[in-house]
Amino acid sequence: MARIGADGQDYAATWSLGTQANLTVCAWVKIVTDRNDYSTIFSVDNGTGDNWLMQTGADGTTMAFVGDATTQQNIGSLTVGTWYFICLATAGTSGTIYYRTAATQTMSTTAVTGVTASVNAVNFRIGDSPWGAEWWNGCINAVKSWTAQLSAAEV
């Protein structure tokens with residue numbers, strides 16, 4: 001996937017993987033224009049009632065893991081025009097977010113706790129959420145996913 005510049009330019013696939021407790025999703029991302037609104041990198045979901053996603057908050061730059069429409073963990077603000085590697089690796093009710101800029105070799109980590117134990121992985125979306133209109137205004141590349149929790153060394 002390359003540049004997303006408008007609503008409807010996202011990608012969606014039906015996974016039908018069933019209930020998943022262990023999941024890792026990674027991508028390289030860059031915000032091109034701050035929408036000052038919720039903007040989603042990826043979503044693994046069964047609609048708006050059962051979901052795990054990485055998205056910005058309402059300010060358009062504060063990146064967070066969101067589970068079932070509740071912010072579980074913020075990792076901080078992204079800078080417009082900067083490439084970031086962002087990875088969510090979950091195992092049951094906990095997980096880790098790995099992230100770094102393209103200019104940095106060291107991976108930062110943030111622990112995620114209080115996650116719902118699993119997600120029904122019916123849909124996989126890149127660049128939008130199950131609510132729609134929360135599209136990413138930027139670039140998303142090299143998206144990878146595994147039905148396992150990977151370590152920092154593995155990602």
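Predicted model: local features only at pLDDT ≥ 70, side-chain atom pairs only at ≥ 80, totals over all residues.

Colleague: Let us begin with charged pairs. How many salt bridges does the structure hold?

Modeller: A salt bridge is counted when a side-chain nitrogen of Lys or Arg lies within 4 Å of a carboxyl oxygen of Asp or Glu. The structure holds 2 salt bridges. In one of them R125 pairs with D45, and the closest N and O atoms are 2.7 Å apart. This pair links distant parts of the chain, with R125 in strand β13 and D45 in strand β5, 80 residues apart. R125 and D45 are both buried.

Colleague: Which side chains meet in a salt bridge at 3.8 Å?

Modeller: Those of D37 and R35, the value being taken from N to O. D37 is classed as partly exposed because its relative accessible area is 30%, and that class lies between under 20% for buried and over 50% for exposed.

Colleague: Where is D128, and what is its nearest side chain of opposite charge?

Modeller: D128 belongs to the loop between β13 and β14, which cover residues 123-126 and 138-146. Its nearest side chain of opposite charge is that of R35, 6.8 Å away. D128 is therefore without a salt bridge although it is buried, as the cut-off is 4 Å.

Colleague: Which backbone nitrogen atoms does the side chain of D128 approach?

Modeller: There are two cases to inspect. The backbone nitrogen of A133 is reached by the D128 side chain at 3.5 Å. For E134, the backbone nitrogen is 3.0 Å from a polar atom of that D128 side chain. When residues up to four places away in sequence are set aside, D128 touches D7, D10, T40, S43, A133, E134 and W135.

Colleague: Is G60 buried or exposed?

Modeller: G60 counts as buried because its relative accessibility is 2%. This residue sits in the loop between β6 (51-56) and β7 (62-67). The C-alpha atoms of G60 and S39 are 6.3 Å apart, while the two residues are separated by 21 residues along the chain. Beyond its neighbours within four places in sequence, G60 is in contact with I31, D34, N36 and D37.

Colleague: Are D68 and A69 buried or partly exposed?

Modeller: D68 counts as partly exposed because its relative accessibility is 24%. A69 counts as partly exposed too, with a value of 49%.

Colleague: Finally, how does one describe the surroundings of a residue in a strand? What does N123 touch?

Modeller: One sets aside the neighbours in sequence and lists the remaining contacts. N123 is found in strand β13. Its relative accessibility is 18%, so N123 counts as buried. Beyond four places in sequence, N123 touches A13, T14, W15, S43, V44, D45, N46 and G47.

Colleague: What can be said of T96 in the same way?

Modeller: T96 lies in strand β10, residues 94-101. T96 is buried because its relative accessible area is 18%. Its contacts outside four places in sequence are C87, L88, A89, T109, T110, V112 and Q149. By contrast, N141 is 21 Å from T96, C-alpha to C-alpha, and 45 residues away in sequence.

Conventions
Residues numbered from 1 in each chain as written. Heavy atoms only, no water. Helix = DSSP H or I, 4+ residues; strand = E, 2+ residues; numbered from the N terminus. Buried < 20%, exposed > 50% of the residue type's maximum accessible area, 1.4 Å probe, protein only. Lys, Arg positive; Asp, Glu negative; His and termini not counted. Polar contact = N/O pair within 3.5 Å; in protein donor to acceptor, adjacent residues only side chain to side chain. Contact = heavy atoms within 4.5 Å.
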